[in-house]
Number of protein chains: 2
Amino acid sequence: MKDANPTSPARDAGAKTQAPSPALLFDTINGYHQTAAIKAAVELDIFTALADSSATADAIARHAKASPRGVRILCDFLTLLGFLTKSGERYSLSPDSAVFLNRKSPAYAGGTLEFLLSGHLRGAFDLLTDAVRKGGTAQAQDGSVAPEHPMWISFARNMGPLMAPAAGGLAELIALDPVRPTKVLDIAAGHGAWGLAFAKKFPGAQVVALDWAPVLEVARENARAAGVQQRFSTIAGSAFDVELGGNYDVVLVPNFLHHFNTADCIRFLRRAHAALRSGGKAAIIEFVPNEDRTTPPGVAGFSLIMLATTPEGDAYTFAEYTDMLAKSGFSAPVQHSLPASMNVALVAAKS
Amino acid sequence: MKDANPTSPARDAGAKTQAPSPALLFDTINGYHQTAAIKAAVELDIFTALADSSATADAIARHAKASPRGVRILCDFLTLLGFLTKSGERYSLSPDSAVFLNRKSPAYAGGTLEFLLSGHLRGAFDLLTDAVRKGGTAQAQDGSVAPEHPMWISFARNMGPLMAPAAGGLAELIALDPVRPTKVLDIAAGHGAWGLAFAKKFPGAQVVALDWAPVLEVARENARAAGVQQRFSTIAGSAFDVELGGNYDVVLVPNFLHHFNTADCIRFLRRAHAALRSGGKAAIIEFVPNEDRTTPPGVAGFSLIMLATTPEGDAYTFAEYTDMLAKSGFSAPVQHSLPASMNVALVAAKS
């Protein structure tokens, strides 16, 4: 490993290309540094300081009321992660940061940190070794699927804005009659964004949101803000137990099934099937990894969250959802991508 | 975003290539999931289960005394991170995992988690927003550079094996007279691996290790294990204050200077200069980012650790070290890569 050109100050790049490297190991052990860096950047509103133009660490520090040295080191880290670009001493927003991390953007997603870094989720990962031993969450009381778990209020309050583009995209995918009265059931509605996209697009659509009672307060607020409260109603309780009503044109199932085992998914899908009118559609919005379960990374990685936080949940593949839908009386699903989302929609008709 | 081919079950890959995506944001917020996953894998010894051949989740689970379902989800996650490969249902070690994560490997680095995930380091990152505001660690008592900080005992106990290949590489780079008695001073020696590599290679070398007294216990154990205790002695105390002795052929400065501001680095380097014989060499082993301070990622990212854990430390560039060395009476340094390490060595002669 001697430097072939000992008079050169340059890094002898390439010499170690095939040599063993602990770089990935350290990056991964230090994953929590990334969490801390993005949290600090959002708390100090670094990205909004760059909303209108590039800036130096000194200028950003004035906006953030922070130390220039601290901001310089943080911004270099945000640059190497890909959130910023750096030219000379000036930092600029990446295109994705301009959309999701600038507070002036309608798709600002900084609020998601409150949910994604909640004590419940962090605590679940502190117990991950035990979860692997057990094959499901090591948290008390079934983790996130415990009845009325308070984390869903934080979910509803913080994750809605991020879902809006995808929800709008889904409403474009499913054609409801614009004149005739139609009915949409939104399961585990949370913020209500999925159902509300249908209410906004289709003036004849009645939307029924189902969730735990305290969570529905958030959905109702959002319905009022969207001006569709006259066509918005709610059902409080468990999607497995409460009366769902009937004759729906669409049942939306957004990021719900991944919390359960396949038998429970089928049990729920049969209830959804019974609640649909003939020819009605189920739209399952989900993290659907490829059949190898390891790609795409952000989607396949969702499975670990289910291991950490639920007794038996998983990120199911297209083949698995196709099988569950067939066993519940549905046609084979069609998979659609959704805007600005790692979720896809699987749309299947009541057959 | 409608699916152009609604009968195809395939993901319409590529459609979102240029569209905004929150994927990087979520990956980064969820960085702590990566920390938890590698910690669980090391605690359950997943990698050693694959030391001799590929295996299914069921077989790994028997070795790990864990649930097949939990192991399958964890191994899929380790695969998407790059630690494993997956073919059908069988997982295999990546080349780097075989070197660093298999307990049967002499370069096994699983012990580094105890140091890198210590309460001290995690606590420093919990206070990162405050550190950015302040421009230095928000921990009490100057963080990791407080006198006799106990974290250095964990460092010495856990980080040594990982450094052994790089230390051996450094001893190859610096030619000491194999016959004449020579003297090597190892600053902030910790585990002692850097100095011990010289003791092992050069039978005439006397090695003097400097560190806090409780840390030197670990270095002495390692000197005994290497069978060089007759040529190994210690100096307890601060490298800025204690008597260093003189007439050294080499002063090793491994991962020490990054804890301090440049004025203190120069102050130390002048002491090292005074302790060297004429023509003797300083070898600074360090994380040295490129001049842009954002590449290579693993190296440039080290700066954030110094922000979180020290009052004024940093990952200095080659130009900055060249300047500090010039101001301390040294020649311009030559930079060498080191085996299996993100560190490089900057070697400069007393001029």
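**View 1. Antiparallel pairing of β1(B) with β3(B).** In chain B, strand β3 (residues 90–93) and β1(B) pair in the antiparallel sense over 2 bridges. The model shown here and in the following views is predicted. Within this pairing, B:Ala55 is placed opposite B:Tyr91 of β3(B).

**View 2. The open sheet of chain B.** The 3 strands of this open sheet follow the order β1-β3-β2 (chain B), and their pairing is antiparallel. The edge strands of chain B are β1 (55–56) and β2 (84–87), each of which pairs on one side only. Strands of a sheet, whether parallel or antiparallel, pair through backbone hydrogen bonds.

**View 3. Helix α4 of chain B against the sheet.** Helix α4 of chain B, residues 68–81, lies across β2 and β3 of chain B. The helix runs at about 110° to β2(B).

**View 4. The interface of chain B and chain A.** Chain B contributes 103 residues to the contact and chain A contributes 104 residues. Between them, the two chains bury about 8,700 Å², of which 64% is on carbon and sulfur atoms.

**View 5. Salt bridges and polar contacts between chain B and chain A.** Between chain B and chain A, 4 salt bridges are counted. One of the salt bridges joins the side chains of A:Arg72 and B:Asp314, with an N to O distance of 2.6 Å. Across the interface of chain B and chain A, 26 residue pairs are in polar contact, both residues being at pLDDT 80 or more. On the side of chain B that touches chain A, the residues comprise 56 nonpolar, 25 polar and 22 charged.

Terms used. Residues numbered from 1 in each chain as written. Chains lettered and ligands numbered in written order. Predicted model: local features only at pLDDT ≥ 70, side-chain atom pairs only at ≥ 80, totals over all residues. Heavy atoms only, no water. Pairing = 2+ DSSP bridges. Helix = DSSP H or I, 4+ residues; strand = E, 2+ residues; numbered from the N terminus. Contact = heavy atoms within 4.5 Å. Axes fitted to C-alpha atoms, helices over the stretch in contact; angles between N-to-C directions. Buried area = accessible area lost by both parts, 1.4 Å probe. Polar contact = N/O pair within 3.5 Å; in protein donor to acceptor, adjacent residues only side chain to side chain. Nonpolar A, V, L, I, M, F, W, Y, C, P; charged D, E, K, R; others polar.
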